[in-house]
Amino acid sequence: MKIGSHVGLSGKDMYLGSVEEALSYGSSVFMVYTGAPQNTRRKPIEDMNIDAAHAKMAEVGIAPDDIVVHAPYIMNLANPKAETREFGVRFLSEEIRRTEAMGARQIVLHPGAHVGQGPDQAIQYIIEGLNEVIANTAGSPVQIALETMAGKGTEIGRSFEELAAIIEGITDQTRISVCFDTCHTHDAGYAIKDDFDGVMETFDRVVGLDRIKVLHINDSQNPQGAAKDRHANLGMGHIGFDALLNVIETERFKDVPKILETPYVTEDETSKKRIYPPYQWEIAMIKARTFDPTFIETIRAQ
């Protein structure tokens, strides 16, 4: 089962540390940011400890091309300001080079936000930016995985039609894939819990199921259609454990990396202090196909 979570990439071990963190959770795949998602500070490729990471992956049977990179949030290829879009093109091109050096083949990207100019113009800007990025990285095996979004604020990608419109304008469509996020898609109004097969039929008709190369497995703190983008731990939200397990076990997605981005467990229900990642327990529940409603209390008791 290709299941894992997002992990860190920092300290002296860098990418090797990412592998070891993933293994500690029982993961067979994982997702990393090449640096903090809120800024552009990045280590040189030669300092990322990639060879040691690949050696460890080979030892435990993890393929580098099963690893996913997530682009930082600060880029907005849809922004009406030309200098902001130009920065996004430049930085995403650099991120793709880092992703390729790491052996990964998917870099997840939030398509962007229209910031009041309307989705039609924003989609055109995204198309222009992605085409430029793809030209800058010609020959790269890395695909840009456009993420399904919740519809918060002025996000683009809240509907399958918006993703399809972007893809249609891309010159080299072999470089574009999709990251399907269960929380985002639920919050955007799609019936992940009650009619996942119907959602997949719609996606296949509008975009094409073969585009889905990454799954983000998250429960949602909000009801369907809330457009909030608030992740919940597995089984603790409005989608529910059984519905998410159904997504994970869909035969078509057997070889697609499935990444948990669920919240860290806090000291108590009112605290905002993060104390422990939940992934070891959530992955164990997935493998056992059994939901334990007390797992958060178990983590707090450690």
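**Helix pair and pockets**

Helices α1 and α2 run roughly parallel to each other, a label used for angles under 35 degrees. This is a predicted model, with local features needing pLDDT of at least 70 and side-chain atom pairs counting only at pLDDT 80 or more, while totals for linings use all residues. Numbering starts from 1 along each chain, and side-chain values use heavy atoms, with hydrogens and water left out.

**The α1–α2 pair**
- The axes of α1 (residues 15–24) and α2 (residues 50–60) come within 7 Å and cross at roughly 30°; helices here are DSSP runs (H or I) of at least four residues, and strands (E) of at least two.
- On the α1 side, Y15, L16, V19 and L23 make the contact, meaning heavy atoms within 4.5 Å.
- From α2 come I50, A52, A53, H54, K56, M57 and V60.

**The largest pocket**
- Its volume is about 1,100 Å³. A pocket is an open set of points on a 1 Å grid where a 1.4 Å probe fits, with protein on both sides within 12 Å along at least five of seven lines; lining residues have an atom within 4 Å of a point.
- Of the 37 lining residues, E261, T262, P263, Y264 and R274 sit closest to the centre of the largest pocket.
- β1 (3–7), β9 (231–232), β11 (265–266) and α10 (295–300) each give two or more residues to this lining, and α10 gives the most, with 3.

**The second largest pocket**
- This one has a volume of about 150 Å³.
- Its lining includes P72, Y73, M75, N76, L109 and H110, as well as M149, K152, E155 and I156.

Terms used. Axes fitted to C-alpha atoms, helices over the stretch in contact; angles between N-to-C directions. Parallel < 35°, antiparallel > 145°, perpendicular 65-115°, else oblique. Points joined across faces, edges and corners; volume = space filled by probe spheres on them.
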